[in-house]
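Subject: A two-chain model for you to look at

Hi there,

Here is the structure I promised to pass on.

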Amino acid sequence: MTVSSQQPETSRQQDLAPEVRAALSAKLTALADDELILAHRDSEWTGHAPILEEDIALANIAQDELGHASLYLELRRELDGSDPDRLAFFRDADEFTNVRLAELPKGDWAFTMVRQFLFDTYEALWLEAARTSAYTPLAEVAAKALREEKFHLQHTALWVERLALGTEESRRRTQAALDELWPYAAQLFQPLPGEEGLVAAHLVPDLGQLRGVWEGFVRSHLAGKCGLSVPEALPAAGPGRDTHTEHLAPLLAEMQSVARAVPNAEVW
Amino acid sequence: MTQPHSPRPDTQWPRWEVFKQDAPNRPHQAVGSVHAGDPQHALLTARNVFVRRPAAVSLWAVREADLLTATPEELAARPEVLETPGEAGTYHVGLKRTHKRSMTFVDLVGTVEASGPGDALRQAREGHPDALTWLVFPESAVVRTDEDPGTLESWFAPAKDKTYKQQQFYGVIGKHVGELKREGRMPGRAKEGGQP
């Protein structure tokens with residue numbers, strides 16, 4: 001489950017062909033958008049989590065995911081000179097390329113934990129494979145982010161287990177969250193237009209390969225360990241990352257309000 | 001030692017005291033506590049609350065009910081604490097030795113073989129008569145982070161890369177401590193403090 005290391009490494013963006021550079025830039029933006037939007041949803045719990053300790057824990061996770069978004073957008077800046085803050089705060093909903101899974105309202109604690117578990121598992125597998133990317137700046141970022149992601153996964157896997165095996169109410173809520181989130185999960189493994197070229201050049205992992213590993217891990221935890229009922233198959237991914245639910249625009253309106261109120265601010 | 005009387009029942013999860021080791025060969029230090037439903041949850045929560053930064057290499061958590069603590073004043077008033085019964089075995093001993101530190105409360109200084117928590121406390125007092133507080137707990141009550149490379153890498157390594165500033169960097173509200181120093185208005189340090 002790693003990108004082949006047979007390919008010569010590319011450490012400089014100048015060595016990438018223009019069309020490869022454009023495809024990689026789009027991929028980095030999609031990766032960053034997932035992290036940015038999910039981080040914002042997690043941050044909505046700050047001050048509202050069930051207990052103080054978990055309030056701090058989820059704020060930590062949100063900050064880590066925001067940090068990953070920043071790492072990806074800095075890689076994109078190296079490719080095309082774009083400003084990460086402009087991308088985060090001055091794009092509208094139809095320009096964001098996050099998965100719909102990330103933008104759904106935070107729901108209850110079970111919903112937030114199940115979503116985070118599904119996403120953390122995907123992210124940890126993606127980063128693990130991306131550590132051997134032929135594009136060395138991405139390989140370095142993946143190695144750095146993977147350390148945090150493995151810890152997130154332990155945290156959310158533990159919570160899903162405790163909720164699923166807890167009280168009747170916590171079990172009901174956890175199953176309801178899984179039923180609602182499951183149809184959104186396949187989009188995590190839907191390649192971007194042009195992504196096959198990046199995979200062929202060993203720049204990014206093959207999502208098709210990751211999907212099988214992800215499903216095996218997720219099923220074994222949710223059904224095997226937590227006793228939840230997991231649907232037989234993942235429904236189709238649906239439309240691409242340019243299509244969003246009605247929930248993204250209000251999220252962006254809040255997330256971007258300060259930056260847009262003072263668009264010429266030099267320091268945050 | 002004394003439970004504060006509360007008019008409403010306490011619905012919180014049990015409290016766990018968290019001991020953090022900053023580097024190999026340093027003592028584990030009590031840094032605070034977390035509420036958690038079980039041992040693994042206590043460790044995960046402790047990591048989030050106490051190890052985001054700066055660096056650490058190991059965390060222990062001990063359920064509040066497994067701790068016995070006393071000050072010299074408390075022992076003078078209630079010497080029967082030294083008779084507190086419990087399981088025999090290895091007990092960890094922690095000491096509070098100064099009022100001057102913030103962030104950490106107690107350093108773990110070693111272990112004793114004791115017939116119970118009261119006996120462990122008695123031995124702690126004999127070995128360290130000048131301590132301001134003694135704390136003991138049985139080895140069997142400790143839950144620890146794993147020491148494998150994977151755990152060190154995902155639980156503790158990320159904190160090393162993050163910006164960390166000591167409390168004093170932030171100074172007091174309205175005035176940065178550096179400004180006060182430059183203006184010669186910083187209160188003097190007590191002599192035992194060492195470096196000026």
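Chain B contains five helices and eight strands, where helices (H or I, at least four residues) and strands (E, at least two) are DSSP runs numbered from the N terminus. Along the sequence, the pattern of chain B reads β-β-α-β-β-α-β-β-α-β-β-α-α. Before you go further: this is a predicted model, in which local features need pLDDT of at least 70 and side-chain atom pairs count only at pLDDT 80 or more, while totals for chains, interfaces and linings use all residues. Residues are numbered from 1 along each chain as its sequence is written, and chains are lettered from A and ligands numbered from 1 in the order in which they are written.

Chain B has 196 residues, and 30% of them count as buried. Buried here requires 20 or more other C-beta atoms within 10 Å of a residue's own, exposed is 12 or fewer, and partly exposed is in between, with C-beta atoms placed from the backbone. If we take contacts in chain B between residues at least 6 apart in sequence, 64% of them join residues at least 24 apart; a contact is a pair of residues whose C-beta atoms, placed from the backbone, lie within 7 Å.

Now the sheet. The eight strands of chain B form an open sheet in the order E4-E7-E5-E6-E2-E1-E3-E8, with antiparallel pairing (two strands pair if DSSP finds at least two bridges between them). At the edges are strand E4 (68-70) and strand E8 (142-144) of chain B, each pairing on one side only. From one strand to the next, the twist averages 35°. Axes are lines fitted to C-alpha atoms, for helices over the stretch in contact, and angles run from 0 to 180 degrees between N-to-C directions.

Five of its seven residues are buried, so E1(B) is largely enclosed by the rest of the structure. On one partner, strand E2 (residues 29-35) of chain B, E1(B) pairs antiparallel over six bridges, and B:Arg15 stands opposite B:His35. E1(B) also pairs antiparallel over six bridges with strand E3 (residues 58-63) of chain B, where B:Trp16 faces B:Arg63. In the loop between E1 and E2 of chain B sits B:Asn25, which has a positive phi of about 75° although it is not a glycine. B:Asn25 is exposed, with 6 other C-beta atoms within 10 Å.

E3(B) has five of its six residues buried, so this strand too is largely enclosed by the rest of the structure. E3(B) pairs with E8(B) in the antiparallel sense over three bridges, with B:Trp60 opposite B:Arg144. Elsewhere in the sheet, two bridges join E2(B) to strand E6 (residues 106-114) of chain B, running antiparallel; there B:Ala30 stands opposite B:Val106. Helix H3 (residues 117-127) of chain B lies across E4, strand E5 (89-96), E6 and strand E7 (133-138) of chain B, at about 140° to E7(B).

Where do the two chains touch? The contact takes 13 residues from chain A and 15 residues from chain B. On the chain A side, helix H2 (52-80) and helix H6 (136-164) are the elements giving two or more residues, and H6(A) has the largest share, eight residues. That side divides into five nonpolar, three polar and five charged residues. Ala, Val, Leu, Ile, Met, Phe, Trp, Tyr, Cys and Pro count as nonpolar, Asp, Glu, Lys and Arg as charged, and the others, Gly among them, as polar.

Finally, the cores. A nonpolar core is a set of buried Ala, Val, Leu, Ile, Met, Phe, Trp, Tyr and Cys residues joined through C-beta atoms within 7 Å. The largest has 73 residues, of which A:Val114 and A:Val160 touch the most other members. H5(A) gives the most to this core, with 15 residues. Setting aside neighbours within four places in sequence, A:Val114 contacts A:Val160, A:Thr174, A:Ala177, A:Leu178 and A:Leu181. A second, separate core of 37 residues includes B:Val49, B:Ala56, B:Val62 and B:Leu67.

Best wishes

Definitions and conventions
Two residues are in contact if their C-beta atoms, placed from the backbone, lie within 7 Å.
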